[in-house]
Amino acid sequence: MSEPQSIVWWIKKDFRLGDNPALAYALGMGQPVIPVFIFEPSALKAPETSAFHVAAWLDGLKELRAKLRECGGDLVLLRGEVVEVLKKLHRLVNISELVSHEEIGSDRTYQRDCDVSLWCREQGVTWYEPMQTAVFRRLKDRDRRSQRWREWMDDGPLPVPSEKALGLISVPPKVMKLRDSACRRPSLAAFGFKLTASQQRYRQRVTESHARETMDDFLHARGLAYSGGISSPNTAFDASSRLSVHLAWGTITGREVYAANEKRMAELKSWDHPDAGKWRRSLNAFRSRLHWRDHFIQRLETEPTLEFHPINRAYEKLTFSKEKKRLARWCHGETGFPLVDACIRCAQTTGFLNFRMRCMITSVACHALRLNWQQIMWPMARWWADYEPGIHLAQLQMQAGVVGINSLRTYNPAKQIADHDPRAKFIKRWIPELRGVNPAKIIAHQDDPMKNYHSPVVNWKASTSEMRADYYAIRRDPKTKELAERVLQEHGSRKPPNSRRRKKSSR
């Protein structure tokens, strides 16, 4: 080829300029860089993909493209399977290297990456995949993960590239000609998706600018209520960080959030204010959850078959209901358990639900309705605007109980109402047909079904007791215990790092 060599920056879940190892590496090579985002038909048709996800891609791309154009660059949007797109690009430009962040995804993305790797080897193209989060490939010693996590975080985020460096980014006109009509004017409709007016109103915008605004608002205002405020669905919308959607789609990184959180905690040490202690408790708890986030994604990296098998294969013996009606009623938020139904309708409309409520709707599905966790795997994935495969699959198995190293948690929906929505404020917001019903009547729905509302699809107590008996019969088996020991060694949680102890020991 007579063409000069170019580097292709394959944009995936990294719609940002700050702390972007893939972009930094590409620019550091000193060659022209062509940024490419690929709308893959297999991704658009995948059972886990929803309009929330495609809308996030479009948000991130729009702002990233505007920022690149301010520096004289651009990015190109193409549609097709990745290898086919790379073949077309390679015929037009001499690709010397392909650069993209290291992705931990579903089996679909894993198989795609295997195909890309093979094509690169055949063409003599170097494919470089830098980490963008503290999840480690080929991690052999789980006991060292916390230390390596801390070291990665303490390295600090990479700066936004200078305008001069970004000057290497350009898209040749002949590459732009590869775009089809959908990619010239990208929209949800162009790719076959639609959001309702309510979904558009409630969903978070997913851009680097929105990520930083959300983080600053949390660290300086909303975060005060984090400790104690994230369990109730009434307060969690404001009390939680709301950064999960940005972390999932790469408009900010965990390392950026960690650095900002540490800076804020340092400021609070000298803050003489009645709320200082509560602030420190909240931000310390938030730091721990940043650690747990990577811990669960690491589980998928280590065990890539999570979507096909339980981590502890002994629980493949569990039997499940074959009644299609149960799955349909759960998916439509019509189980007859008011808090479960309200949570599902909320998730489908907003793309968000707090952690405790996600656990509850999973528990009711798997333990009361006796649905197989694989039956609800992709419907739930579509609901979450912050869908992250590692967290979704690991938490789904954990709440279903098929990891087998934690206590089996069976959430009673009535107790959850009494504890976290005693006035039924959240329930009445999402189930308008219950707005005139006394909260006490709603709490007592399992013993005294309400008129003009669905009766519970099952008797929660009886069905859950039966499921627990079957579960513990498997758990007591010596072979199950042997498998649980392996799971604990390979996937068990370790104590999160403590910054105060770290600073003391470093003196």
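Predicted model: local features only at pLDDT ≥ 70, side-chain atom pairs only at ≥ 80, totals over all residues.

User: At what angle do the axes of α19 and α22 cross?

Analyst: Helices (H or I, at least four residues) are DSSP runs numbered from the N terminus. Axes are lines fitted to C-alpha atoms, for helices over the stretch in contact, and angles run from 0 to 180 degrees between N-to-C directions. Here the axes of α19 (residues 355–368) and α22 (residues 413–420) cross at roughly 165° and come within 11 Å. Therefore α19 is roughly antiparallel to α22; angles under 35 degrees count as roughly parallel, over 145 as roughly antiparallel, 65 to 115 as roughly perpendicular and the rest as oblique.

User: Is the crossing of α19 and α22 left-handed or right-handed?

Analyst: A crossing is left-handed if the near helix is turned anticlockwise from the far one by less than a right angle, and right-handed if clockwise. The crossing of α19 and α22 is left-handed.

User: Which residues of α19 and α22 meet?

Analyst: Contact means heavy atoms within 4.5 Å. From α19, Arg-356, Met-357, Met-360 and Val-364 meet Pro-413, Gln-416 and His-420 of α22. By class, this contact of α19 with α22 has four nonpolar, two polar and one charged residues. In this scheme Ala, Val, Leu, Ile, Met, Phe, Trp, Tyr, Cys and Pro count as nonpolar, Asp, Glu, Lys and Arg as charged, and the others, Gly among them, as polar.

User: How does α19 lie against α21?

Analyst: The axes of α19 and α21 come within 9 Å and cross at roughly 55°, which means that α19 is oblique to α21. The crossing is right-handed. Phe-355, Cys-359, Thr-362, Cys-366 and His-367 of α19 meet Gln-395, Leu-396, Gln-399 and Ala-400 of α21. The classes in the contact of α19 with α21 are five nonpolar, four polar and no charged residues.

User: How many residues does the largest nonpolar core have?

Analyst: A nonpolar core is a set of buried Ala, Val, Leu, Ile, Met, Phe, Trp, Tyr and Cys residues joined through side-chain atoms within 4.5 Å. Buried means under 20% relative accessible area, exposed over 50%, and partly exposed in between (1.4 Å probe, protein chains only). The largest core has 69 residues, and Trp-330, Met-360, Ile-361, Leu-369 and Ile-427 have the most contacts inside it. The largest share of this core, eight residues, comes from α19. Leaving aside neighbours within four places in sequence, Leu-369 is in contact with residues including Trp-330, Phe-337, Val-364 and Val-457. A second, separate core of 40 residues includes Phe-15, Leu-44, Leu-68 and Leu-195.

User: Is α20 mostly covered or mostly open?

Analyst: The helix α20 is mostly covered, with eight of its 11 residues buried. Among them are Trp-373, Trp-378 and Trp-383. The buried residues of α20 pack against α3 (51–70), α17, α18, α19 and α21.

User: Where does Val-85 lie, and what is it in contact with?

Analyst: Val-85 lies in α4 (residues 82–92). Its relative accessible area is 4%, so Val-85 is buried. Leaving aside neighbours within four places in sequence, Val-85 is in contact with Ile-38, Leu-78, Arg-79 and Gly-80. The axes of α4 and α5 (residues 107–123) come within 9 Å and cross at roughly 25°, so α4 is roughly parallel to α5. The crossing of α4 and α5 is right-handed.

User: Which value does phi take in Arg-242 and in Asn-452?

Analyst: Arg-242 has a positive phi of about 60° although it is not a glycine. Phi of Asn-452 is near 60°, also a positive value in a residue other than glycine. Arg-242 is found in the loop between α13 (236–239) and α14 (244–249), and Asn-452 in the loop between α24 (439–443) and α25. Arg-242 is buried because its relative accessible area is 13%, whereas Asn-452, at 77% relative accessibility, counts as exposed.

Definitions and conventions: Residues numbered from 1 in each chain as written. Heavy atoms only, no water. Helix = DSSP H or I, 4+ residues; strand = E, 2+ residues; numbered from the N terminus.
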